[in-house]
Each structure stands twice: as C-alpha cells, then as structure tokens.
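Here is a friendly walk through one protein chain. Have a look at the structure first, and then we'll go through some of its parts.

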Amino acid sequence: MDYSEKGSKTYLFTIVLVAVLGGLLFGYDTAVISGAEKGLQAFFLGAEDFVYTDGWHGFTCASALIGCIIGSAISGYLASNWGRKKSLIFAGVMFFISALGSMEPEFLFFEHGVANYPLLIAFNVYRVIGGVGVGLASALCPMYIAEVAPSNIRGTLVSWNQFAIIFGQLVVYMVNFFILGDHTNPVIESIGQGINAVAPGSDPWTISTGWRYMFGSEAVPAGLFALLICFVPETPRYLVMAGQDNKALAVLCKINGKTEGTNILNEIKNTITEKTEKVFTYGVLVIFVGIMLSVFQQAVGINAVLYYAPRIFGDMGMENPMMQTIIMGVVNILFTLVAIFTVEKWGRKPLLITGSTGMAIGAFGVAMTFGHADLGVVTMVSIMVYSASFMMSWGPICWVLISEIFPNTIRGAATAIAVAFQWIFNWIVSASFVPMFNMQTSGDPNFGHWFTYGLYGVICVLAALFVWRLVPETKGKTLEDMSNLWKNRK
C-alpha cells in the first residue's frame, strides 16, 4: 500500500475521542448514585415485605462496584481473546442495559412502583451489570488509547480519559440537579438501630420518579458510545498479536506516517515474539507497582467524597448541597486540565508526589476543622484542596502509568489485575466511609470526622513515599521500552 509520510492527527484525535466516551460513561455511572440515592432509599423504605436498613442502602449504593470488580477482572481475558474494540462494544451494551434496567427494574416481572425485596434484587442486578461495563471501560479505555497513541503525546491523550471521567461526573451532577428542578430530596429520619423512615411532607415525586430519570439518563451516552466504537479501528498491538500485520501497519501509518509507522510495527513485532506470556515473566516488582498504584489511588479516600458529596456538604450546613457538588465538579475539571497540560512536561512522578502532598494537607485540614461551625469555610477549602490535588495527580496519572508500565505481552492480564485491585479498594473505601465517619465516642462526637480524614491524610503521605522509591518515570518512553526497563530491574 502507498502510505503518506505524514500521520493524521485528526484521525488519531477522532478515534481517541470515541474511546474517551467510555471514560465519560465510567464517571457518569459511578456518580449518578450521588443524586439518586436519597430518592431510591425513600422508595425502598416503603417496602412491606422487608426492612430497608442502612446496611441494605449501603450495599445498594455500592452494588455497582461488585460489577466493576468483575468487569476489570475479566478485562484482560476479553482484551486478549476478543480484542480491545469488541470488548469496548460489549462494555457499551452493558452500560445501556444497566441504565434502562435501573430506571425501570420492574420491567416484565414486577408491578410498577411497588417496592419489595425481589425488586431490590433486580435493581442491584442491573447496577452490577452497569458495573461490569465500568470495570471493562476503566481497564480498556486507557489501554486502547495508549496502544494507538505516539509515545510523545501518549500521557496527554491517556490523561484525557481521566478528564472524561471527571467530566462525566460533572455532567451527571448537573443532569441530576436539573432533573430535581423545583422538587426536593426526601428527608430521611433515623429511628434507631440502622432503621430509617421518610419524614412526613417529603416530595413524593422524587420518591416515585426522580431517581428513575437520573439512572435512565445514562442510556443516551451509553447508546452513543456503543454505536461509535463500532467505527474505530482495533489497536495495532492487538492486531500484531492476532497475526494481522497488514492491518496493524495501515493503522500505524495512518496515525504516524509511513516511515515511523513501519518502525513502530517492527518494534511491536520484536516484543510480541518474546516468550513473555506469563504475568510474572518480568518479575514480581512490575505487578506489585501496578497493584499499589491502584490501591493508593483509592485508599487516599477520594471516592468517599465523590460518591457522598451531597450528604457531606449537607452535614456541613450548606443550604444547597447539590450546587456545592457541582462547584466541586467544576474545580475537579479545572485541575484535571492541569495534569493534561503538564504530564509531558513535568513527568508522571513529580505530579504524583505533588498531588499526594496537596491531598495530605487538604485531608488533615478537614480532619482538624470538620464539625466546627466557625471553621466551615476552612473545611470547605480543605475539601476543595484535597479533591483538586487528586485531580491533578492520582486521578489521571495513575491511569497513564497503568497503561504504560506493563510490557506488551503481559499488558492485558497485568492491567486486569491492577484495575481489579482498584475496584476492590474502591469498594472498601466506599463501604467503610459512612461507618467510620459516623463513629462517636463519649468524649468526642466528632471522633469519626477527624479519624477518617486523618487516616486518608496518612495514606497520602505513604503514597508519596511509594512513588518516590518504587515508581519508574515513563515520560517519553515507548511501550516497547517497558520490556527492557523491567528486565533490568528484575
């Protein structure tokens, strides 16, 4: 074939744009619960065949994370056997089914609007299905982008996936806000022993309908993603592994130009043919670093803020918690852009260490001031510093590194392992936040507040030390360079 010597940046950015829609769905699906959970809780509190306790509500809010663990765990198998593209199409279908099913869990089997135990199970099944899509997208979107992007802009392009995640969260915060409109979330009153009741006078529309529209709104971006992903090419690295060198060369040359595309193809073929099929071929350290990047990204506690933002701001006495959540979403977007535009200049490690330090300062600030009415502004600023520091560092850069550090022939399996740990610790943080945050002692009713954020602050310090000592700098290195880097560190 006759290939141009100049690659097409337009072609590259077009296919990357489609891939990052998966990141947007990732953010949308994980954050939709923040606006819908009170209406959902009030709906199931109306069940007559079982008691919808705090425990059930915590499980229901986090049930999607079970699917995330499953999706990320099988992502390596699907990526290696189906290819990156077909696996992403499957993820899009899971998102679409989950959106419609969560909106109308009664479909075909139950009476509409009647809360009961079987309906709760059906709802959670649909949320788990969506979680499978999130788990797949969380592993495969960065992998797809990394495998089509030239090394000199790979970090920036993979960072756009994190931007899409945060943008998806901001979009759903705003969608939830507009769906709620003039209506109000129900007031939930505790009657002891983890049992609650809906306060008299709560808006019936949000209990019967509002949460359904919030979950159902995801069907629009999910359907669009599933359709558009059909039109992007498979990644060159997967095509080489599948023995389709000509197709791989066509994609590489279209992106990079004839000469550079041919050189990259030869590099891929040289690493693909090495005997590196076992996940520990390059030693334990590379897998350990990948796992710990994922663990620290979650253990610093960010999702406790993202998932429960309206409740946290409400506990702080804010008059309009949904609006405060949107403001936080805008701040997150701005600081994610900081990472995107500096990742190729500053490198991965400096951003992670700087972000860890900022998060520690923010977390310790929240720990020392939460619950003190006269320090409410300081608490608010501390939460913003904590969240913004994450968005300029661990949010995008963790995904960049996970997509970069693994050698070609173990990338699918190694990425799946790392991302599975990410979702496991996401679940641990999400499930433990409320009980930790609400801990009280006879001498200190705010014990849970300072303990929780103090713990997150300590973990942030440990994260900075981990990056400084063990994480390699990958700025400017090709994916094929990773093979030699880890061989030398075995």
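A quick word on terms before we start: a residue is called buried when its relative accessible area is under 20%, exposed when over 50%, and partly exposed in between, using a 1.4 Å probe and protein chains only. Helices (H or I, at least four residues) and strands (E, at least two) are DSSP runs, numbered from the N terminus.

## What you're looking at

This is a predicted model, where local features need pLDDT of at least 70 and side-chain atom pairs count only at pLDDT 80 or more, while totals for chains, interfaces and linings use all residues. Residues are numbered from 1 along each chain as its sequence is written, and side-chain values use heavy atoms, with hydrogens and water left out.

Let's begin with helix H6, residues 204-216. The expected span of a helix is 1.5 Å times one less than its number of residues.

## Salt bridges

A salt bridge here is a side-chain nitrogen of Lys or Arg within 4 Å of a carboxyl oxygen of Asp or Glu. The count comes to 4 salt bridges. One of them pairs Glu106 with Arg212, with the closest N and O atoms 2.6 Å apart. That pair links distant parts of the chain: Glu106 sits in the loop between H3 and H4, Arg212 is in helix H6, and 106 residues separate them. Salt bridges with shared partners join Glu104, Glu106 and Arg212 into one network. Both Glu106 and Arg212 are buried.

Arg84 and Glu147 make another, with their closest N and O atoms 2.7 Å apart. Here helix H3 supplies Arg84 and helix H4 supplies Glu147, 63 residues apart, so this pair too links distant parts of the chain. Arg84 counts as buried because its relative accessibility is 1%, and Glu147 is buried as well, also at 1%. Then there's Arg127 with Asp29, whose closest N and O atoms are 3.6 Å apart. This pair connects helix H4 to helix H1 (residues 9-44), across 98 residues. Both Arg127 and Asp29 are buried.

## A nonpolar patch

Now for the surface. Phe59, Ile66, Ile70, Ile74, Ile424, Trp427 and Ile428 make a nonpolar patch of about 530 Å². Patches are made of residues with over 30% relative accessible area and no salt bridge; like charges are joined within 9 Å, and nonpolar side chains (Val, Leu, Ile, Met, Phe, Trp, Tyr) within 5 Å. The areas come from the Shrake-Rupley method with a 1.4 Å probe, and for residues only the protein chains shown count as cover.

Which helix gives the most to the nonpolar patch? H2 does, with 4 residues. Helix H2 (54-81) and helix H17 (411-437) each supply at least two. Ile66, in H2, is partly exposed at 31% relative accessibility.

## Loop and cysteines

Leu108 lies in the loop between helix H3 (84-103) and helix H4 (117-148). Its phi is near 75°, a positive value in a residue other than glycine. At 67% relative accessible area, Leu108 is exposed.

Finally, a disulfide is a pair of cysteine sulfur atoms within 2.5 Å, and the count comes to 0 disulfides. Cys141 is buried at 0% relative accessible area, whereas Cys230 is partly exposed at 36%.
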